[in-house]
Amino acid sequence: MQVDLSQVKLLSLMGVGARGLSGWRRVLSYVVHFSLNRYYLNLGWGNLPLERRAFLTFFSVGTGAALLGKTIYRGNAVDGTVDFEDMNASLREISESIKVMKSKAPSAPEFLEAFTSIGAVKESEREIILADSVGPSLHSYIAKMRNYESSHERDLYLSEDKHSVLFSTYKRIGRVQTLIGHGNFNVLGFDEMLKIGRRYSSVGTFTSLETDFIEGLFSANAKKYGFLGDKVTEKLTSTIKKSETKKIAQTGHFLFRGRSEKLYQKLKNDIGGSITLTSGIRSIVKQTHLFIAKTIQSEGNLSKASRSLAPPGHSYHGIGDFDVGKVGYGSKNFTEAFSSTDEFKKLVDLGYVSIRYPRNNMLGVRYEPWHVKVV
Ligand SMILES: [Zn+2]
């Protein structure tokens, strides 16, 4: 019988690979490997060409490695080689995959979450997919959005060791807001905020823990919270150009010149003086502050927070959307009660205004009748 080089290579790799196995698989691997090794050697060393002898030597070293197994591996690990870490990671990945495979099939929104996060599903396709998947899971999703203020089984929480930095960041950003005023705060950039902290003792320099926390919140995968909307601002340090904005009198808010401003003026002309801008452009800083406040309010429940406020980077307020409300209606403008006002009815009757988060939207966000879609 001829010894095939690819067989030798394969067996040699098997010997090395056995080190990554555990339990009976490892024992079996040793036994099979050792027996086959003996079999090939018995074919007659002397008759083999030099090249094959070299491979068989390497192959035998593989067997030795397999037999010594963990001892060799652990020995390497003591020196801090990355291999040991990598092996742990891959074993963990495997066990995670097994867990996923053994668990119940995910619900329609969870499928969407998974597929959207790897780019396999486009936003435009979501509704079509969900229309085909009406079932108990979809009903529970809708129930969750209706009861957005309750905590739900799969909600994701901020870890407790982050609570103190959550509070200190909230307070420090709050002091920036007090210093520069609500209007300017709406369009403040991240770097500018840090500069203000360094310059004014009433604010104080942002600690590295705080900036890391802000960065972490910004770069976190919001889909894990259950928020399925797109990330619309890519960089934490992105700024809003003053020249592209317009301050809307008596509101303390800004709108982007062009589409946003025109749409607002048009609907205001058509509806009349009883409707007003309640929130316009929000920079990353503003959205971060709101999201932190919401997280505190939700006692660290990030999923609950994201059901009623887009996580930093995911707010369309950063790129053109705005909120409207009834003059004198106060905070009720940000509740479903707004949908029973004459102002809302008129808004719908206009026919040219769309709502970003309609009832039963599939973006993981509660019904927001006040939020006008522009982009
Ligand atoms: Zn809004």
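Some ground rules. Residues are numbered from 1 along each chain as its sequence is written. The model is predicted, so local features need pLDDT of at least 70, side-chain atom pairs count only at pLDDT 80 or more, and totals for chains, interfaces and linings use all residues.

pLDDT is the predictor's confidence in each residue, from 0 to 100. The protein chain averages 77. At least 70 is reached by 63% of the residues. Residues 69-108 fall below 50, and that stretch has 21 contacts in the model beyond near neighbours in sequence. A contact means C-beta atoms, placed from the backbone, within 7 Å. Where pLDDT is low, the predicted coordinates should not be read in detail.

Now the helices. Helices are DSSP runs of H or I, at least four residues; strands are runs of E, at least two; both are numbered from the N terminus. Take α9, residues 163-180, and α11, residues 190-199. They pack at about 85°, axes 10 Å apart. Axes are lines fitted to C-alpha atoms over the stretch in contact, and angles run from 0 to 180 degrees between N-to-C directions. So α9 is roughly perpendicular to α11, a label for 65 to 115 degrees. From α9 come Arg-172, Val-176, Leu-179 and Ile-180. They meet Met-193, Ile-196 and Gly-197 of α11.

Last, the hairpin. Strands β1 (245-248) and β2 (253-256) pair antiparallel over 4 bridges; pairing takes at least two DSSP bridges. Ile-248 has His-253 in β2 as its bridge partner. Between the strands sit 4 residues, and Gln-250 takes a positive phi near 65°.

Terms used
Angles under 35 degrees count as roughly parallel, over 145 as roughly antiparallel, 65 to 115 as roughly perpendicular and the rest as oblique. Two residues are in contact if their C-beta atoms, placed from the backbone, lie within 7 Å.
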